[in-house]
Amino acid sequence: MPKGINKVFLIGHIGKDPEVTYTGGGLCIAKFSLATTESVKKGDSYEDKTEWHRIVFFGKQAENYIAKYIHKGDAVYVEGKIAYGSY
């Protein structure tokens, strides 16, 4: 049995155009914010609750797909894992 699973599925809209940068070694990095919204029942009505996620892609995926085809307002499906880093 595995010790744990780190997998996430997000469907939402891009908040602003991706930021694309390259490392000194030529690796492409694309970053963008993704808004996911759910309706939460409050009494007799529903209220939208939006969460923002910071998404980062590396390498060929970032260069060939994210940098070319993803723009502000686009609806996207993202599958990956959650990772927290320190800078």
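Modeller: Here is a short talk about confidence, strands, core and pocket. This is a predicted model, in which local features need pLDDT of at least 70, side-chain atom pairs count only at pLDDT 80 or more, and totals for chains, interfaces and linings use all residues. Residues are numbered from 1 along each chain as its sequence is written, and side-chain values use heavy atoms, with hydrogens and water left out.

Colleague: What is the mean pLDDT of the chain?

Modeller: The mean is 93, and 99% of the residues reach 70 or more, where pLDDT is the predictor's confidence in each residue, from 0 to 100.

Colleague: Which sense does E2 take with E3?

Modeller: Strand E2 (residues 19-22) pairs with E3 in the antiparallel sense, over 4 bridges, and Tyr22 has Cys28 in E3 as its bridge partner. Their hairpin has 5 residues between the strands, with Gly26 at a positive phi near 95°.

Colleague: New topic: how many residues are in the largest nonpolar core?

Modeller: That core has 13 residues, and those with the most contacts inside it are Phe32, Leu34, Ile55, Phe57 and Val78. E3 gives the largest share, 4 residues. A nonpolar core is a set of buried Ala, Val, Leu, Ile, Met, Phe, Trp, Tyr and Cys residues joined through side-chain atoms within 4.5 Å, and buried means under 20% relative accessible area with a 1.4 Å probe, protein chains only.

Colleague: What about the largest pocket, what is its volume?

Modeller: The volume is about 690 Å³, meaning the space filled by probe spheres set on the grid points. A pocket is an open set of points on a 1 Å grid where a 1.4 Å probe fits, with protein on both sides within 12 Å along at least five of seven lines, and lining residues have an atom within 4 Å of a point.

Colleague: Which element gives the most to the lining?

Modeller: E4 does, with 6 residues.

Notes:
Helices (H or I, at least four residues) and strands (E, at least two) are DSSP runs, numbered from the N terminus. Two strands pair if DSSP finds at least two bridges between them. Buried means under 20% relative accessible area, exposed over 50%, partly exposed in between (1.4 Å probe, protein chains only).
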